[in-house]
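Hi,

Here is the model I said I would pass on. Have a look at it first, and my notes follow below.

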Amino acid sequence: MRVLLGVFLVFTGITHLTSARAEFLAQVPTWLPVNGELVVILSGIAEIALGLALIFLVKQRVLVGLAVAAFFVLIFPGNISQYVNRIDAFGMNTDQARFNRLFFQPVLIAWALWATGAWRALFTRKVESS
């Protein structure tokens, strides 16, 4: 599941830089004080790097899992912006479709934490520190 998520991130990152650039640009919140094109490019590069790290940095998988989960948290405002501002992108052209997508982000976060052992590492540390 870790490698599958890594492949997914690499593919998605490549589409940030190529075929789906306009779709991703539509998700950049208008309140963000950074050029939207730059956000799309940098987030694409980050996704490729994180995806490759998931695939190849096996010994660092817990740290990579935490980084991937943090990345998914950081890009969540784009999904919220798409819903709130009723922006059509990626075939989501109804309020219901955009709303349903909001629930997918926590699944990605949990996937990153679970597939890398970061969930277990966080839970174990919490129990040990109690």
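**Notes on the helices, core and rings**

The axes of helix α5 (residues 95–102) and helix α6 (residues 104–116) come within 4 Å and cross at roughly 25°. Helices here are DSSP runs of H or I with at least four residues, numbered from the N terminus. The axes are lines fitted to C-alpha atoms over the stretch in contact, with angles from 0 to 180 degrees between N-to-C directions. That makes α5 and α6 roughly parallel to each other (angles under 35 degrees count as such). On the α5 side the contact (heavy atoms within 4.5 Å) is made by Asn-100, Arg-101 and Leu-102, and on the α6 side by Phe-104, Gln-105 and Pro-106.

Before going on, the caveats: this is a predicted model, so local features need pLDDT of at least 70 and side-chain atom pairs count only at pLDDT 80 or more, while totals for chains, interfaces and linings use all residues. Residues are numbered from 1 along each chain as its sequence is written, and side-chain values use heavy atoms, with hydrogens and water left out.

Now the core. The largest nonpolar core has 16 residues, and Leu-5, Leu-9, Leu-54, Val-68, Phe-72 and Ala-112 have the most contacts inside it. Such a core is a set of buried Ala, Val, Leu, Ile, Met, Phe, Trp, Tyr and Cys residues joined through side-chain atoms within 4.5 Å; buried means under 20% relative accessible area, exposed over 50% and partly exposed in between, with a 1.4 Å probe and protein chains only. At least two core residues come from each of α1 (2–17), α3 (36–56), α4 (61–84) and α6. Leaving aside residues up to four places away in sequence, Phe-72 touches Leu-5, Leu-9, Gln-105, Leu-108, Ile-109 and Ala-112.

On to the rings: there are three aromatic pairs in the structure. Rings of Phe, Tyr and Trp (its six-membered ring) pair if their centres lie within 6.5 Å, with planes under 30 degrees apart counted as stacked, over 60 as edge-to-face and the rest as tilted. Tyr-83 and Phe-99 have ring centres 5.5 Å apart and planes at 50°, so this pair is tilted. Tyr-83 sits in helix α4 and Phe-99 in helix α5, 16 residues apart. Phe-99 also pairs edge-to-face with Phe-103, at 5.1 Å centre to centre and 80° between the planes. Phe-103 is exposed, at 52% relative accessible area.

Cheers

Note on methods: Angles under 35 degrees count as roughly parallel, over 145 as roughly antiparallel, 65 to 115 as roughly perpendicular and the rest as oblique.
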